[in-house]
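Reader: Hi! I'm new to this one, could you walk me through it?

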Amino acid sequence: MNAHTPLQFGKKIGMGQAVTRTEDAQFITGAGRYTDDVKRDNALHAAVLRSPYAHAKFTIGDLDVARGMAGVHLVMTASDIEGHPGITCQAVQQQIDGTKHPVKDIPLLCADTVRHVGDAVAFVVAESIAQAQEAAEAIEVDYEMLDPAIDTEGALADDAPPVYEDRPNNIAFETEHGNSDKTAEIFANAPKVTELKLINNRLVCNYMEMRGCVAEWSDEEDRYTLTVGSQGVHGMRDAITPCLKVDKAQLRVITPDVGGGFGTKVFAYREYPLALLAAKALGRPVKWRCDRSEHFVADAHGRDNVVTMRMAMDENGRFLALDVDLIAAMGAYLHQFAPYIPTLGTTIATGVYDIPACRFHIRGVYTHTTPTDAYRGAGRPEAIYALERLVDQCARDMSMKPDEIRRLNAIPDSAFPYKTVFGRTYDTGEVTAHMDQCMKVADWDGFDTRAEESRKSGKLRGIGMSTYIEACAFAGSEPAKLELKDDGTVQLLIGTQSNGQGHKTAYAQFVAEALDLDMGSIEVRQGDTDELESGGGTGGSRSIPLGGVSVQRGSQALAEMIKEAAAEKLEASVGDLELSEGSVRIVGTDRKLTFADVAAATSETLKATGEFKQAEATYPNGTHICEVEVDEATGETQVVKYTIVDDFGATVNPILLAGQVHGGVVQSIGQCIMEETVYDDDGQLISASFMDYRMPRAEDIPDFHFETRNVPSTTNALGIKGAGEAGTIGATPCVMNAIVDAVYRSHGIEHVDMPVTPQSMWQLMSQAAKKAA
Amino acid sequence: MYETSYHRADSVADAASKIGDEGKYLAGGMTLLPTMKQRLAAPDTLVDLTHIGDLKGVSVNGKEVRIGAMTTHAEVNGDAALQSACPSLAKLAGGIGDPAVRHRGTIGGSIANHDPAADYPAAMLALNATIHTDSREISADDFFSGMFETALNEGEIVTAISFTAPDKGAYEKFRNPASRYAMAGVFVADHGGDVRVGVSGAYSNGASRNSEMETALSGNLSADALDGVAVDAGDMLSDIHGSSDYRAHLVKVMAKRAVAAM
Ligand SMILES: Cc1cc2nc3c(=O)[nH]c(=O)nc-3n(C[C@H](O)[C@H](O)[C@H](O)COP(=O)(O)OP(=O)(O)OC[C@H]3O[C@@H](n4cnc5c(N)ncnc54)[C@H](O)[C@@H]3O)c2cc1C
């Protein structure tokens, strides 16, 4: 919507309508205001001295040179901030033996040991960034290099270098979920067992907007203010205040526009408390900005699992039990939610299938690498990737078609609500129906003709599917506060945080519909702990399922209040009033008050709160089908056709929805055939810039066919299931199943790991050809 | 970035007089500026060549082509006379980087830098081009002396390149998956039955000719003529994107595709 778009009211822009994003004009024309756009006249600039080694003991020598350099105000090392706790893990798990595992926090600055390339050694503040960098380089650090543990599986070996002396075999934690005994019993007698071992490759988040912060201290207010890109100011505040040793009232957190978060911007990072401590010590604002090279080593990475799965089946391919053994790399410390991530996978480990028994065994392992944490989907993409690859392998082993084995094992429509072995209750779903629909629109049956066409130009074509389910909008709520302003506009305050998803548009739709107001008269505000006392932030696809319903309820409550206030003034009964295009009117007359009139007529500002509490998660599900072409001569893989039929329960805005799904699928295509995080044996990150880390670009992505086949959720008041992560969850197995299909047909290759780079595919095909010869 | 001083040169002579011992010429800046921002280069002076009119533009006279050093990739790509005299080179320029890079980056900067993965050097070799500097002329064969190394002396300025357009030419590249520079870029040019093959991205000593391919193709300009040619992986670069074996394989695939496209 822009200045030329006519005003639209109420139902025309309400739930389900394809309203264009109100944010876009601003973002596209460079008028967005991100953290780095926040300037303070007298700000100082910070730089972090980072470890060049993966594992080393160190001592810091002379600091006087750095401290004496031009423009330098502060050189901070661990000894200067003794007593300030590091950033602590908030997701401690209960282990198999009933104990809670110990936690290795992220120190604000390392004292004597560095544990990954990029670990922080010193924090330098100067008049300019260049001066801070120069001073950081002038600090003498004497490193004594130690052997590192880098490989995720290898770190478990008895002779692997320990990341922590008190964690044998580098095991951070070990948990088990599901029904182990029953699973073991079924496997002991199973007629058929299919096994598959896969790597889920480590990813670097690479949002467009790098992290950064502006840290301030006020003597008058006796508190700190932090301006920072986040996924929720309240969670950010609560994670940082312990490091500062202050209570919550002494830290205000503000988040302006955010250019991508994908889970990774939920977290507090050490630079934020360091900048705050420096700002207080120096009495001037301190600004820190992460550059792209720093991002590669300093921001939490995603994924990095090694998973071994077994499926027990009867003679007909009916699934009897599933066994999953997951090794999840934690990196050098336990990041804020890290142990929770693989655990989240268990919420949907059996997918859309009726599997009566499952054991899910998890070992979190420390390595001398950048810590991992939530990345779009957080544990659920990993779980569904593993399962859907295994299901295709089962089909090959049983000489069944991919859809046939899925049809046989899918939870029947009649079995919903369906309780899984992990105790989750899927409320609604029609699994084979979206699969049928997707196969139809993808022209699954016409594949052979297309494969022949591809063959003519030297391309091996494959087709693959995934039928996924995921859990999101976990139990909880997100209250919405609405207020009628004097000028007749409405302000919404809510504790989620848009990172580019389009919250302002989606929330305003609910308000517009309930109040019959135009979008331009609705202001959506997020991102300031002073404006709102609490908030759950954005993550786990929760903002619209939870926040959206709250906004609708709050808007409806405000509508009633407006009518009541107007009734008095118009000397009419509330029942005779209706809201229409920003006014309250006596039905069938032209007697009305504008919202501004109503605001003027009330002695107290009209304020309403809506809160929807959800007791269970919601379960979006769907089918993805894609086709790939592998260039037989070069090994290059391209995704050439992509079809999605999703069940999101209910659609709030089809444009925003398609955007979420497209983006998620693109991230998965990136993971499948491009994004490769490569550490060498010394723990150096080889793929540490865009020169070596391949990001997906528009030319790599096919057109998408996306449609919904919604079955409303009964858990959510508006039937919404959530859609922020589903694209990523459905797509990775779909793309990989298509790639395996292509090379299984041509070369009999069954084992393919992500990412399928041109070189790795060429090697696979060459080896297979050699074997065949 | 480290501190540096900036000088806008108004002539080649002015530029040469300002460069000093620790200065660098600034052309499109597409390579030099990122290196400086990462603090990997620290010239004390930047001498900007952008405003020297003599260094810009494409001139085509029959089969004789001359391209000023400061001509951008986009200008080379869009030049109508070049498109008819030597379409393969115009097309190559249109495949470098992205639009922003093509509108800043220059042919002089590209060859002076001699990134082993850059596209132009393969073309210069296959086209038997002459590199003109402020003091001499150097044949392409002598110019590219090693990875990131050229025959240029300290402070010497590339002013133009020139060549006689071949009867036919084609360039095919397999792009590095991440950087999208050439991982194997092969330029094949037919000069009246005498075929020259220039290769970028693959050889560890930078852009190189492949004489076995040239011999096989001279007199038999067909993709099949390359079947019997073995590309030696021993001379090839190796990194996470492509082992030397893979690069050797790709050089042959790209050479065949180039010949097929001629
Ligand atoms: C994102 C990106 C993608 C790219 N992709 C490709 C690609 O696919 N293929 C490809 O070939 N290249 C690619 N490049 C490189 C691009 O073509 C550069 O423009 C080129 O390599 C350097 O040209 P420049 O004019 O920018 O030179 P500068 O960066 O200004 O200079 C490079 C070096 O050459 C020296 N120099 C410049 N001009 C002269 C001169 N006339 N005489 C003597 N010395 C001189 C400079 O002092 C400096 O050392 C890419 C670059 C970027 C940023």
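Author: Happy to; we'll go through chain B, the ligand and then chain A.

Author: This is a predicted model: local features need pLDDT of at least 70, side-chain atom pairs count only at pLDDT 80 or more, and totals for chains, interfaces and linings use all residues. Residues are numbered from 1 along each chain as its sequence is written, while chains are lettered from A and ligands numbered from 1 in the order in which they are written.

Reader: Thanks! How many helices and strands are there in chain B?

Author: Chain B has eleven helices and 14 strands. Helices (H or I, at least four residues) and strands (E, at least two) are DSSP runs, numbered from the N terminus.

Reader: And what radius of gyration does chain B have?

Author: Chain B has 18 Å, which agrees with the value near 18 Å for a compact globule of 262 residues. That radius is taken over C-alpha atoms, and the globule rule is 2.2 Å times the number of residues to the power 0.38. Along the principal axes, the C-alpha atoms of chain B fill a box of roughly 55 × 45 × 30 Å.

Reader: Which domains does the assignment give for chain B?

Author: Domain 1 (5–48), domain 2 (56–164) and domain 3 (168–261); such bounds come from an automatic or database domain assignment. The C-alpha centres of domain 1 and domain 2 of chain B lie 19 Å apart. Their contact takes ten residues from domain 1 of chain B and 13 residues from domain 2 of chain B, where two residues are in contact if their C-beta atoms, placed from the backbone, lie within 7 Å.

Reader: Okay, new topic: where does the ligand lie?

Author: Domain 1 (5–48) and domain 2 (56–164) of chain B both give residues to the shell around the ligand, so the ligand lies between them.

Reader: How many residues surround the ligand, and which are the closest?

Author: There are 30 residues around the ligand, the closest being B:Ala27, B:Gly28, B:Gly97, B:Gly105 and B:Gly109. A residue is near a molecule if its C-beta atom, placed from the backbone, lies within 6 Å of it. The elements giving two or more residues to this shell are β2 (23–26), α6 (99–104) and α7 (107–113) of chain B. Of these, α7(B) gives the most, with five residues.

Reader: How do the residues of that shell divide?

Author: Into 15 nonpolar, ten polar and five charged. Here Ala, Val, Leu, Ile, Met, Phe, Trp, Tyr, Cys and Pro count as nonpolar, Asp, Glu, Lys and Arg as charged, and the others, Gly among them, as polar.

Reader: Nice. How many residues of chain A are in contact with chain B?

Author: 17 residues of chain A are in contact with 13 residues of chain B. On the side of chain A that touches chain B, the largest share, three residues, comes from helix α18 (residues 758–772) of chain A. By class, that side has ten nonpolar, five polar and two charged residues.

Reader: One last thing: is A:Cys243 buried or exposed?

Author: A:Cys243 is buried, because 24 other C-beta atoms lie within 10 Å. The cut-offs are 20 or more other C-beta atoms within 10 Å of a residue's own for buried, 12 or fewer for exposed, and partly exposed in between, with C-beta atoms placed from the backbone. A:Cys243 is found in helix α5 (residues 233–244) of chain A.

Reader: Which residues does A:Cys243 touch?

Author: Not counting residues up to four places away in sequence, A:Cys243 touches A:His84, A:Pro85, A:Gly86, A:Ile87, A:Leu108 and A:Pro273. The C-alpha atoms of A:Cys243 and A:Pro273 are separated by 6.5 Å, with the two residues 30 residues apart along the chain.
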